[in-house]
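Please look through the sequence and the 3D structure below before reading on. The paragraphs that follow lead from a single residue to the wider fold.

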Amino acid sequence: MLIKSLLIIAALFNVTNKVTVKGLVEHPLEITRSNIKAFKPETQKDLKIIGSTGDVKKTFNSYKGVSLKSILDSAKITMPNHKERGKYYIAVKASDGYTTLYSWNDIFNNPTGDHVFLVFEVNGKPIEEDGQFVMVCSNDKITGARHVKWVQEIEVGKLP
Ligand SMILES: Nc1nc2c(c(=O)[nH]1)N[C@H]1C(S)=C(S)[C@@H](COP(=O)(O)O)O[C@H]1N2
Ligand SMILES: [Mo]
């Protein structure tokens, strides 16, 4: 009981009310619950968040969000030399430090790009305990791994 309350309080501290899109982009963005509707959200169905031992952590019967690809199209990745596209990465960072990565090719040159969403509603309701936004990649095998709660930042970077 005490442990459960402490976990809930810790989760509340992680809540962020905006997602900053930064790094190598022409138009840095701040995405909030109120402006995300302008990005034309899509509704998707049937996603299970699966942990590394195959356990189902969460079931999304439906979820609403904006694709990472369309967010990056709005922010416009700065890429003076297209031969360097393979060096670009997108880091999705949470307020508790949890971080996942996509490469430019994952998002813009692979079917995965159609499966990565910044989600703000699950099963018809705004997300609560996990913050305001979670990122998912629905075609991952272990969907838990790139399921990011309390998303705070989407940073575009490039390897040297
Ligand atoms: N921000 C953040 N996101 C996270 C985690 C975390 O510790 N912090 N845990 C991950 C792990 S290990 C799993 S399996 C999935 C699902 O875990 P959950 O049921 O705790 O949400 O979320 C992932 N997303
Ligand atoms: Mo996990």
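Ile49 counts as buried because it has 20 C-beta neighbours inside 10 Å, where buried means that 20 or more other C-beta atoms, placed from the backbone, lie within 10 Å of a residue's own, while 12 or fewer make it exposed and anything in between partly exposed. This is a predicted model, in which local features need pLDDT of at least 70 and side-chain atom pairs count only at pLDDT 80 or more, whereas totals for chains, interfaces and linings use all residues. Residues are numbered from 1 along each chain as its sequence is written, and chains are lettered from A and ligands numbered from 1 in the order in which they are written.

Ile49 lies in strand E3, residues 42–50; helices (H or I, at least four residues) and strands (E, at least two) are DSSP runs numbered from the N terminus. Although Ile49 and Lys141 are 92 residues apart in sequence, their C-alpha atoms are 9.6 Å apart in space. Ile49 is also one of the residues that surround ligand 1, and others among them are Lys57, Asp96, His147 and Trp150; a residue is taken as near a molecule if its C-beta atom, placed from the backbone, lies within 6 Å of it. Sorted by class, this shell holds 5 nonpolar, 3 polar and 4 charged residues, with Ala, Val, Leu, Ile, Met, Phe, Trp, Tyr, Cys and Pro counted as nonpolar, Asp, Glu, Lys and Arg as charged, and the others, Gly among them, as polar.

Turning to the strands, we find an open sheet of 5 strands in the order E2-E1-E10-E5-E6, with mixed pairing, where two strands pair if DSSP finds at least two bridges between them. Strand E2 (29–31) and strand E6 (99–103) stand at the edges with a single partner strand each, so one side of each is left without a neighbour in the sheet. Strand E1 (residues 19–23) and strand E10 (residues 151–158) run parallel and are joined by 4 bridges, and Gly23 stands opposite Val156 in E10.

In helix H2 (residues 68–75), the buried residues are Leu68, Ile71, Leu72 and Ala75. They lie on the same side of H2 because they cover an arc of only 95° around the axis, the arc being that of the directions from the helix axis to the C-beta atoms. Just after H2, Lys76 takes a positive phi of about 60°.

Finally, the largest nonpolar core has 36 residues, of which Leu118, Val119 and Val151 touch the most other members; such a core is a set of buried Ala, Val, Leu, Ile, Met, Phe, Trp, Tyr and Cys residues joined through C-beta atoms within 7 Å. The largest share of this core, 6 residues, comes from E7.
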